[in-house]
Amino acid sequence: MARNITKNKRRRGHQKAIYRKKSRSSTESGHRNYSLYINRVLKEVVPQKGISSHTMDVLNTMINDMFERISTEACNLMCYRKRCTLTPEDIQKAVYLVLPEKLAKYAVAFGNEAVQRYVRS
């Protein structure tokens with residue numbers, strides 16, 4: 001008894017996938033834009049001066065680079081201590097390792113002051 005095997009022959013046309021263009025924000029790629037904060041600080045220090053867009057891009061890149069260096073070093077310190085939680089001490093030590101001595105002192109002092117103001121409010 002011979003079996004009659006029929007194959008299901010569907011012709012699939014070349015279906016084009018519909019891609020929606022996603023608007024990628026800068027935070028998805030990992031880089032933030034600090035231009036608003038740079039302008040605020042500049043206006044507090046020198047109210048009559050402005051800043052060019054190229055200079056703003058340079059400053060923004062520098063801030064993102066420093067943030068990445070400090071966060072990487074803090075993560076390494078956390079791993080060396082075999083901890084799962086990033087503590088303020090890890091961040092402070094990372095700042096001392098990445099920045100020059102005097103600048104690191106000021107950064108840690110201003111950082112502590114900002115945290116205390118946040119806690120009080």
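A pocket is an open set of grid points with protein on both sides within 12 Å along at least five of seven lines, and its lining residues have an atom within 4 Å of a point. The legends below refer to a predicted model.

**View 1. The second largest pocket, lined in part by α3 and α4.** About 260 Å³ of space lies in this second largest pocket. The lining consists of Ile70, Pro88, Ile91, Gln92, Val95, Leu99, Ala107, Val108, Gly111, Asn112 and Val115. At least two of the lining residues come from each of α3 and α4 (101–120), and α4 gives the most, with 5 residues. By class the lining residues are 8 nonpolar, 3 polar and no charged.

**View 2. The largest pocket, with lining residues from α2 and α3.** The space in the largest pocket amounts to about 370 Å³. Its lining is formed by Tyr34, Ile63, Met66, Phe67, Ile70, Ser71, Ala74, Leu86, Ile91 and Val95. The elements that give two or more residues to this lining are α2 and α3. The largest share, 6 residues, is that of α2. Of the lining residues, 9 are nonpolar, 1 is polar and none is charged.

**View 3. The packing of helix α2 (residues 53–80) on helix α3 (residues 88–98).** The two helices pack at an angle of about 120°, and their axes are 8 Å apart. α2 and α3 are therefore oblique to each other. Their crossing is right-handed. On the α2 side the contact is made by Met66, Arg69, Ile70, Glu73, Ala74, Leu77 and Met78; on the α3 side it is made by Asp90, Ile91, Lys93, Ala94, Val95, Leu97 and Val98. This contact of α2 with α3 has 10 nonpolar, no polar and 4 charged residues.

**View 4. The packing of α3 on α4.** The axes of α3 and α4 are 9 Å apart, and the packing angle is about 155°. That makes α3 roughly antiparallel to α4, because angles over 145 degrees count as roughly antiparallel. α3 passes α4 in a right-handed crossing. Gln92, Val95 and Tyr96 of α3 make the contact with Ala104, Lys105, Ala107, Val108 and Asn112 of α4. By class this contact of α3 with α4 has 5 nonpolar, 2 polar and 1 charged residues.

**View 5. The crossing of α1 and α2.** The axes of α1 and α2 come within 10 Å and cross at roughly 110°. That makes α1 roughly perpendicular to α2. The crossing is right-handed. Ser35, Ile38 and Asn39 of α1 meet Met56, Leu59, Asn60 and Ile63 of α2. The contact of α1 with α2 has 4 nonpolar, 3 polar and no charged residues.

**View 6. Lys49 in the loop between α1 (35–45) and α2.** Leaving aside neighbours within four places in sequence, Lys49 is in contact with Leu42 and Lys43. The C-alpha atoms of Lys49 and Asn39 are separated by 9.8 Å, with the two residues 10 apart along the chain.

Technical notes:
Residues are numbered from 1 along each chain as its sequence is written. This is a predicted model: local features need pLDDT of at least 70, side-chain atom pairs count only at pLDDT 80 or more; totals for chains, interfaces and linings use all residues. Side-chain values use heavy atoms; hydrogens and water are left out. Axes are lines fitted to C-alpha atoms, for helices over the stretch in contact, and angles run from 0 to 180 degrees between N-to-C directions. Helices (H or I, at least four residues) and strands (E, at least two) are DSSP runs, numbered from the N terminus. Angles under 35 degrees count as roughly parallel, over 145 as roughly antiparallel, 65 to 115 as roughly perpendicular and the rest as oblique. A crossing is left-handed if the near helix is turned anticlockwise from the far one by less than a right angle, and right-handed if clockwise. Contact means heavy atoms within 4.5 Å. Ala, Val, Leu, Ile, Met, Phe, Trp, Tyr, Cys and Pro count as nonpolar, Asp, Glu, Lys and Arg as charged, and the others, Gly among them, as polar. On a 1 Å grid over the protein atoms alone, a cavity is a set of points where a 1.4 Å probe fits but cannot get out, and a pocket is an open set with protein on both sides within 12 Å along at least five of seven lines; lining residues have an atom within 4 Å of a point. Grid points are joined across faces, edges and corners, and a volume is the space filled by probe spheres set on the points.
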